[in-house]
Amino acid sequence: MDERTVKRAVWASAMGNATEWYDYGVFTSGAIAASIGTLFFPGEGNAVLKSLALLAVGFIVRPFGGAFFGPLGDKIGRKRVLAITILLMSGCTFLVGVLPTYAGSYSMGIAAPIAILLLRIIQGFSTGGEYGGAATFIAEYSPTKRRGFFGSFLELGTLGGYVLGNLVVLSVTLSLSPEQVDAWGWRIPFFVALPLGLIGLYLRNKLEDTPEFRRLEAQGEAPKKAPLKEIFVRNWRMILNLIGIVLLLNVADYLLLTTMPTYFTDTLKINDNTATLIIIAVEVIQMAIILPLGALSDRIGRKPLLLTAAIGFLVLSWPSLKLMQSGSILWLFVGFLIVAILLVFILAVIGSTFPAMFPTRVRYGSFAIGYNISTSLFGGTAGVVVTALIKSTGNEDWPAYYLMAAALIAIVPIIKIPETSQVPMDQIDTEDSGGKPAAAAAQR
């Protein structure tokens with residue numbers, strides 16, 4: 001396959017991830033989170049915590065979305081399902097921007113919080129089918145010896161979407177007064193999601209389905225119905241390994257990218273715009289190193305990078321947090337950068353590691369289900385749990401404790417999974433074996 005087609009497939013997949021994380025970047029920024037919490041859920045209580053809780057609700061339905069869209073993608077193809085998910089994600093984000101609020105001249109009372117809750121649920125359901133499909137799409141299009149490099153573009157989309165979300169919010173808050181932001185300015189960032197989704201849809205529709213799925217269809221081996229039972233019966237060991245690794249990925253991802261902005265402003269009392277600039281600067285550094293790390297994994301394997309990250313989080317999370325708490329903006333930046341770089345070691349390889357844990361016939365579904373179970377239990381709830389623990393105990397070190405516990409758990413499945421950096425996708429076969437055939441294929 002020519003490299004131009006591979007690159008188009010990579011960018012088409014990464015756009016969905018960018019759309020998803022653009023939404024998180026907007027929703028978790030201090031100013032917008034406070035506005036959403038106040039305008040849709042008035043009354044006693046912390047407005048930012050209310051907004052984070054609303055974000056967490058969408059994660060509850062993600063496993064159901066994964067269980068629906070994932071096996072469907074194994075049956076009818078990756079491309080068709082990914083067209084549906086990107087439209088639902090971007091459309092729901094856009095609609096948040098046009099919703100009437102609880103009170104005021106453009107309001108609908110109690111229907112407002114119900115409506116925004118329903119939109120978050122629909123988005124969470126569709127997101128449950130997006131990530132596994134996007135990663136599968138890239139992995140099945142990429143040449144074996146460069147799968148790590150091309151796979152890292154998936155999380156480049158994550159970081160790019162999140163940076164864009166923060167930049168849009170920063171532009172709004174710098175251009176408008178706090179009163180104008182609360183009155184109508186908070187809506188502007190949500191409008192941007194729709195064109196992002198339409199661009200991603202256009203790119204995806206210009207491509208054929210993946211070579212691996214077309215190969216299965218040509219050989220008559222594609223499932224005749226959504227293979228939900230087959231996924232659990234034959235791949236449960238590898239799904240458990242995936243859940244354990246994703247636990248660390250998502251605790252780190254959601255704590256650093258969605259919780260730390262409010263931690264900086266609410267706990268460390270950093271100005272909203274200063275906190276946003278720090279986060280954007282660190283994410284730009286992450287974007288600069290993610291592709292080289294993905295390429296490195298093609299030479300030395302995925303597991304060394306994953307183990308480096310897990311051990312690093314175990315050892316460095318607490319010292320890094322102490323630097324952030326020092327009262328110095330410079331040391332806050334350094335502490336945040338340390339854990340952010342550790343996260344990139346994971347982000348750089350998950351797009352090439354996770355799809356290669358499962359055979360083509362059930363790859364999309366197995367990935368989507370395992371990934372979203374872990375994300376729902378440990379990722380989406382991380383911000384709410386850590387914020388609540390800080391407020392109830394008065395101990396500001398909970399982000400570090402949470403990261404350290406997740407790292408300790410993840411080390412075990414990282415050691416157990418096979419190294420598949422040199423295994424062609426059509427030779428992946430982990431059924432009933434915990435990965436031994438894949439490891440054997442790597443030696444052929």
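# Close-up views of a predicted model

**View 1. E3 and its salt-bridge partner, R146.** E3 is partly exposed, with a relative accessible area of 37%. Here "buried" stands for under 20% relative accessible area, "exposed" for over 50%, and "partly exposed" for anything in between (1.4 Å probe, protein chains only). A quick word on the model: it's predicted, so local features need pLDDT of at least 70 and side-chain atom pairs count only at pLDDT 80 or more, while totals for chains, interfaces and linings use all residues. Residues are numbered from 1 along each chain as its sequence is written, and side-chain values use heavy atoms, with hydrogens and water left out. Back to our pair: the side chains of E3 and R146 meet in a salt bridge at 3.0 Å, N to O. E3 sits in helix α1 (residues 3-27) and R146 in the loop between α6 (111-141) and α7 (147-175), so their pairing ties together parts that are 143 residues apart in sequence. R146 is partly exposed as well, at 32% relative accessibility. To count as a salt bridge, a side-chain nitrogen of Lys or Arg has to be within 4 Å of a carboxyl oxygen of Asp or Glu; the structure holds 13 of them. As for helices, they're DSSP runs (H or I, at least four residues), numbered from the N terminus.

**View 2. R204 meets E130.** This salt bridge spans 2.6 Å, N to O. It links distant parts of the chain, with R204 in helix α10 (residues 193-205) and E130 in helix α6, 74 residues apart. Both R204 and E130 are buried.

**View 3. R363, E140 and a salt-bridge network.** The side chains of R363 and E140 come together at 2.7 Å, N to O. R363 belongs to helix α16 (residues 363-379) and E140 to helix α6, so this pair ties together parts 223 residues apart in sequence. Both residues are buried.

**View 4. Helix α4 packs with helix α5.** Helix α4 (residues 62-76) and helix α5 (residues 78-98) pack at an angle of about 145°, and their axes are 7 Å apart. The axes are lines fitted to C-alpha atoms over the stretch in contact, and angles run from 0 to 180 degrees between N-to-C directions. On the α4 side, F69, L72, G73, D74 and I76 make the contact (heavy atoms within 4.5 Å). On the α5 side you'll find R78, R80, V81, I84, T85 and L88. Sorted by class, that's six nonpolar, two polar and three charged residues. Nonpolar covers Ala, Val, Leu, Ile, Met, Phe, Trp, Tyr, Cys and Pro; charged covers Asp, Glu, Lys and Arg; the others, Gly among them, are polar.

**View 5. G124 and its neighbours.** G124 is in helix α6 and is buried, with a relative accessible area of 6%. Leaving out residues up to four places away in sequence, G124 touches G58, V61 and R62. V61 and G124 are 63 residues apart in sequence, yet 5.9 Å apart in space, C-alpha to C-alpha.

**View 6. K269 and its positive phi.** Most residues other than glycine have a negative phi. K269 isn't a glycine, but its phi is positive, about 60°. You'll spot K269 in the loop between α12 (228-267) and α13 (272-300), where K269 is exposed, with a relative accessible area of 65%.

Conventions:
Helices (H or I, at least four residues) and strands (E, at least two) are DSSP runs, numbered from the N terminus.
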